[in-house]
Amino acid sequence: MSRVGKKAVPVPKGVTAKVEGQKVSVKGAKGELSFVVHDDVSVEFANDEIKVDPRFETKRAQALWGTSRAMINNIVTGVSAGFQKRLEITGVGYKAAVAGKNLQLSLGYSHDITFPIPDGIAIVAPRPTELAISGIDKRAVGQLAAEIRSLRPPEPYKGKGVKYAGEFIFRKEGKKK
């Protein structure tokens with residue numbers, strides 16, 4: 001039994017939700033998103049809440065029940081408040097700058113990395129060693145942050161690289177003579 005799936009997703013003021021068959025469309029101040037729910041799960045909208053229930057008593061339906069509810073909650077949160085990931089860049093000469101629709105990264109390689117910014121995502125560099133990635137799609141924001149981090153993940157000896165804000169890097173002791 002899904003503990004997440006049991007809860008109904010509240011739709012805040014200023015957000016309109018529409019359920020047509022298996023498609024859930026949500027429109028808010030930040031934009032519009034939709035999600036197609038799997039056939040093993042039923043969706044209904046009533047009293048400013050979106051309720052998700054499994055159609056069958058199978059393991060697959062139970063698993064998709066909680067997942068579908070979480071995805072619907074993410075799109076409702078995205079169109080009302082949005083999502084943000086913060087990255088920190090550590091290292092001598094490591095920096096980032098936003099130039100138009102591209103992100104310029106100097107991460108210690110022989111060349112700078114030009115990273116295109118996809119539509120629907122905003123990247124701000126308040127300082128050369130900080131990045132703030134924001135958007136309405138939680139999956140897209142997280143995926144972009146992971147791709148930028150993978151260009152130079154933090155190393156355990158000096159902690160140089162790109163890491164999430166607040167991420168703990170397990171530090172190792174260097175060689176001893």
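Is N47 buried or exposed? In this predicted model, N47 is exposed, with a relative accessible area of 74%, where buried denotes under 20% relative accessible area, exposed over 50% and partly exposed the range in between, computed with a 1.4 Å probe on protein chains only. Residues are numbered from 1 along each chain as its sequence is written. Because the model is predicted, local features need pLDDT of at least 70 and side-chain atom pairs count only at pLDDT 80 or more, while totals for chains, interfaces and linings use all residues, and side-chain values use heavy atoms, with hydrogens and water left out.

N47 is found in the loop between strand 5 (41-46) and strand 6 (49-54), strands being DSSP runs of E of at least two residues and helices DSSP runs of H or I of at least four, numbered from the N terminus. The phi of N47 is near 55 degrees, a positive value in a residue other than glycine. D48 is placed in the loop between strand 5 and strand 6, and its phi is near 55 degrees, again positive in a residue other than glycine; D48 is partly exposed, with a relative accessible area of 48%. Most residues other than glycine have a negative phi.

An open sheet of four strands, with antiparallel pairing, has the order 11-12-7-13, two strands being taken to pair if DSSP finds at least two bridges between them. Its edge strands, each pairing on one side only, are strand 11 (121-124) and strand 13 (161-164). Strand 7 (residues 83-90) and strand 12 (residues 130-135) run antiparallel and are joined by six bridges, and the bridge partner of L87 in strand 12 is L131. Helix 3 packs on this sheet, touching strand 7, strand 11, strand 12 and strand 13, and its direction makes about 10 degrees with that of strand 7; contact means heavy atoms within 4.5 Å, and angles run from 0 to 180 degrees between N-to-C directions of axes fitted to C-alpha atoms, for helices over the stretch in contact.

A further open sheet, of three strands with antiparallel pairing, has the order 8-9-10, and its edge strands are strand 8 (95-99) and strand 10 (113-116), each of which pairs on one side only. Strand 9 (residues 102-106) is joined to strand 10 by four bridges, the two running antiparallel, and F115 in strand 10 is the bridge partner of L103. Helix 3 (residues 138-151) lies across strand 9 and strand 10, running at about 170 degrees to strand 10.
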